[in-house]
Amino acid sequence: MKPVDEHRIHQIFEVSVWFKGAHALIECIGGILLYVITTDTIASWVNALTQEELIEDPNDFIASHLSQMASHFSIASKEFYAFYLLSHGLIKLALVVGLLRGKLWSYPASLAALGLFMVYQVYRYSYTHSFGLLVLTVFDAAVMVLIWHEWKIVRRHKPA
């Protein structure tokens with residue numbers, strides 16, 4: 001490849017890692033918020049957000065499903081999602097910092113972690129059929145290709 005192409009690929013790699021870092025930060029914030037906010041508060045917020053839409057259209061698919069989900073949101077579910085988001089976010093933040101600093105350990109660790117996250121996302125997709133999970137999985141796959149490419153270059157240029 002031409003040096004210009006390698007430079008462009010490196011820029012795309014960095015931007016994608018920054019996006020993963022932003023996503024990880026959002027997950028951490030969401031996890032912390034889930035830990036501190038009660039299920040009753042969540043249900044009342046969702047009801048407040050969906051109330052006008054449901055008055056206007058009682059059969060609104062999104063609003064009715066959100067309202068139903070909030071009313072059945074248990075403490076155990078809340079704690080699971082809080083733990084999942086926070087742990088997932090912290091792992092990704094550590095990997096992002098390692099990747100942006102060019103730490104050799106972070107490349108294979110990131111590939112392994114993203115691979116496991118993707119397996120879980122595909123598993124969850126088999127139950128939820130969430131388009132968002134598909135988009136996230138495709139993005140993770142693209143980031144994995146970039147990490148692999150960057151890792152080959154870094155290993156080639158770092159002394160043993």
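Modeller: Helices here are DSSP runs (H or I, at least four residues), as strands are (E, at least two), all numbered from the N terminus. Val 36 lies in one of them, helix α1. This is a predicted model, where local features need pLDDT of at least 70, side-chain atom pairs count only at pLDDT 80 or more, and totals for chains, interfaces and linings use all residues. Residues are numbered from 1 along each chain as its sequence is written, and side-chain values use heavy atoms, with hydrogens and water left out.

Colleague: Why is Val 36 called exposed?

Modeller: Its relative accessible area is 60%. Exposed means over 50%, buried means under 20%, and partly exposed lies in between (1.4 Å probe, protein chains only). So Val 36 counts as exposed.

Colleague: What makes the nonpolar patch with Val 36 a patch?

Modeller: Patch residues have over 30% relative accessible area and no salt bridge; nonpolar side chains (Val, Leu, Ile, Met, Phe, Trp, Tyr) are joined within 5 Å, like charges within 9 Å. Leu 25, Ile 29, Ile 32, Leu 33, Tyr 35, Val 36 and Phe 83 form this one on the surface. Together they have about 690 Å² of accessible area, found by the Shrake-Rupley method with a 1.4 Å probe, where only the protein chains shown count as cover for residues. Helix α1 (residues 3-36) gives the largest share, 6 residues.

Colleague: Why is the link between Glu 27 and Lys 92 called a salt bridge?

Modeller: The rule asks for a side-chain nitrogen of Lys or Arg within 4 Å of a carboxyl oxygen of Asp or Glu. In this pair the closest N and O atoms are 3.3 Å apart. Glu 27 sits in helix α1 and Lys 92 in helix α4, so the pair ties together parts 65 residues apart in sequence. Glu 27 has 8% relative accessibility, so it is buried. Lys 92, at 5%, counts as buried too.

Colleague: How many salt bridges does the structure hold?

Modeller: There are 2. Lys 20 and Asp 140 meet in one, at 2.2 Å from N to O. Lys 20 is in α1 and Asp 140 in α6, so parts 120 residues apart in sequence are tied together. Both residues are buried.

Colleague: Which residues does UniProt mark as "transmembrane region"?

Modeller: The unreviewed entry gives 12-37, 81-100 and 129-148. Such annotations may be inferred rather than shown by experiment; names are shortened, and positions follow the numbering used here. In the model, residues 81-100 are 100% helix, and residues 129-148 are 90% helix.

Colleague: Why does Ser 110 count as buried?

Modeller: Its relative accessible area is 2%, so Ser 110 is buried. Ser 110 lies in helix α5 (residues 106-128). Beyond its neighbours within four places in sequence, it is in contact with Leu 95, Leu 99 and Ile 147; contact means heavy atoms within 4.5 Å.

Colleague: And His 129: buried or exposed?

Modeller: Exposed, because its relative accessible area is 54%. His 129 is in the loop between α5 and α6. Its phi is positive, near 55°, in a residue other than glycine.
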